[in-house]
Structures are given as C-alpha cells and as structure tokens.
Amino acid sequence: MVEQIIRRAFYNLYQPGCHEHYLAHILRTHPDFVPELDLVAELDGRVIGNIMYTRSRLTASDGREKPILTFGPVGIHPDFQRRGYGKRLMEASFRQAAALRYDAIVIFGDPHNYVSRGFVSCKRHRVSLEDGRYPAAMLVKELTPGALAHHAWIYHQSPAFDFDEAEAARFDDACGEPLEKRVLPCQETFYILSGASL
C-alpha cells in the first residue's frame, strides 16, 4: 500500500520513473530504520501518505559523534497533494523525533519544499560532506535550538540509502500497474540542484 503511494508520488519527478518505492521496500529491514518514526497520513480511513526515518550521524573535528536522523522517502498520493497533508505529517514526525530525544535532522531535497518547515542550508550549521562540500540540496533542521552550535560537522548518511539501481528497476517492473516513464523539465531542475554546492 505505502510503496504504491510513494511510487505514484515520485514517478517522473526526479528522473524517468523512480526508485523511492524500492527504497521504502528495503528500508524496513535495515538496522538504521527507526520504526517509531514510520508514520502514515490517513483521510477518512484511507492511507494517503507516509514518512520514514533512518538513523545517521554527524562527526565533529574533535572526534565527537552525534546521532541524528534523516527522513525519506516522504510522499503524499498525487490526488491529495498541495493540501497541507505532507506538512502535517512532517510536523507530527518532528514532534515524535524530539520525544525520542533526537535533536537534529539532515535531508537532501528541494529547499522550496522544506524551508517553511524550519530547514535551512547545511552551511548555516557548518554541516558538510566528507569531501568538505556543502550541497545546495542538503538541508538541516535543529529539533533542539543550538544543538549544532560550537562545532563544524561532517554528515554520514546511513548505508541504507546505498542500493542496487538494477534491482530497483526490476522491483518497479514487478509493481503491477504500468506507469509511463517520461522526461520532464523538473528532472533537469533536480539534476542542477543536486549537483550544486554552496
């Protein structure tokens, strides 16, 4: 159910077809998956969306490690998008994450979708990749104000996100409902954004 919703939400958004539904399929068996943050949005008893989290970590220059969270995929069925359900789902997950004593979230995404939810550029909190880059699509949210102050950090994404694209394609082919893979302008926008650094 959730995988089909995610497939419909992401198909042709970032590339012809999508892999996000396969990622949702494999995440639940990974050690970094956080089941307490596997949440759904419901409308009149029908599941219309989902958000999933994994554990990731930051390391400071002094060697200190901080456990944090990464979410994704997060998606709302296309029939219910642009109505605020995704925002409410994210806000509920932030409250739950804070209750679990996590104090920061790092994601990769389009800033237009997330700055209104309190995410800022990774550079503002001095969170970089291991090669020192600050990707334009890497965004940070402090769940506890000041949680990332006084240090520069390196982000380490969970290996849960490293998957075989050929296996993902086979999974998509077996999903039942055929969807047309199309080349769209939004895919080029994402390509530019995902490769840009600050």
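This is a predicted model: local features need pLDDT of at least 70, side-chain atom pairs count only at pLDDT 80 or more; totals for chains, interfaces and linings use all residues.
P73 is found in strand 3. Residues are numbered from 1 along each chain as its sequence is written, and side-chain values use heavy atoms, with hydrogens and water left out. Helices (H or I, at least four residues) and strands (E, at least two) are DSSP runs, numbered from the N terminus.

**Helix packing**

- Two packed helices are described by the angle between their axes and the distance between the axes.
- Axes are lines fitted to C-alpha atoms, for helices over the stretch in contact, and angles run from 0 to 180 degrees between N-to-C directions.
- Helix 1 (residues 2-10) and helix 2 (residues 20-27) have axes that come within 7 Å and cross at roughly 150°.
- That angle makes helix 1 roughly antiparallel to helix 2. Angles under 35 degrees count as roughly parallel, over 145 as roughly antiparallel, 65 to 115 as roughly perpendicular and the rest as oblique.
- The crossing of helix 1 past helix 2 is right-handed. A crossing is left-handed if the near helix is turned anticlockwise from the far one by less than a right angle, and right-handed if clockwise.
- Helix 1 supplies E3, I6, R7 and F10 to the contact, and helix 2 supplies E20, H21, A24 and H25. Contact means heavy atoms within 4.5 Å.
- By class, this contact of helix 1 with helix 2 has three nonpolar, two polar and three charged residues. Ala, Val, Leu, Ile, Met, Phe, Trp, Tyr, Cys and Pro count as nonpolar, Asp, Glu, Lys and Arg as charged, and the others, Gly among them, as polar.
- Helix 2 also packs with helix 5 (residues 165-173), at an angle of about 100° and with the axes 9 Å apart.
- Helix 2 and helix 5 are therefore roughly perpendicular to each other.
- On the helix 2 side, H21, Y22 and H25 meet E167, A168, F171 and D172 of helix 5.
- The contact of helix 2 with helix 5 divides into three nonpolar, two polar and two charged residues.

**Nonpolar cores**

- The largest nonpolar core has 23 residues. A nonpolar core is a set of buried Ala, Val, Leu, Ile, Met, Phe, Trp, Tyr and Cys residues joined through side-chain atoms within 4.5 Å.
- Y53, L69, F71, F94, I105, Y114 and F119 have the most contacts inside this core.
- Two or more residues each come from strand 2 (46-60), strand 3 (65-76), helix 3 (85-99) and strand 4 (104-108).
- Helix 3 gives the most to this core, with five residues.
- Leaving aside its neighbours within four places in sequence, I105 is in contact with Y53, L69, T70, F71, F94, F119, L139, V140, K141 and L143.
- A second, separate core has 15 residues, including Y11, L23, L27 and F161.

**Loop residues**

- H151 sits in the loop between strand 7 (138-142) and strand 8 (153-156).
- H151 is buried, with a relative accessible area of 18%. Buried means under 20% relative accessible area, exposed over 50%, partly exposed in between (1.4 Å probe, protein chains only).
- Not counting residues up to four places away in sequence, H151 touches A60, D62, R64, H125 and R126.
- H150 lies in the loop between strand 7 and strand 8. H150 is exposed, at 74% relative accessible area.
- Phi of H150 is near 75°, a positive value in a residue other than glycine.
- R126 belongs to the loop between strand 5 (120-121) and strand 6 (127-128). R126 is partly exposed, at 39%.
- R126 is a residue other than glycine with a positive phi, near 55°.
- Y134 lies in the loop between strand 6 and strand 7.
- Not counting residues up to four places away in sequence, Y134 touches C122, K123, R126, V127, S128, A196, S197 and L198.

**C-alpha pairs**

- Y134 and C122 are twelve residues apart along the chain, and their C-alpha atoms are separated by 6.4 Å.
- S61 lies in the loop between strand 2 and strand 3. S61 counts as exposed, at 73% relative accessibility.
- S194 is found in helix 6 (residues 185-195). S194 is partly exposed, with a relative accessible area of 35%.
- S194 and F108 are 86 residues apart along the chain, and their C-alpha atoms are separated by 8.2 Å.
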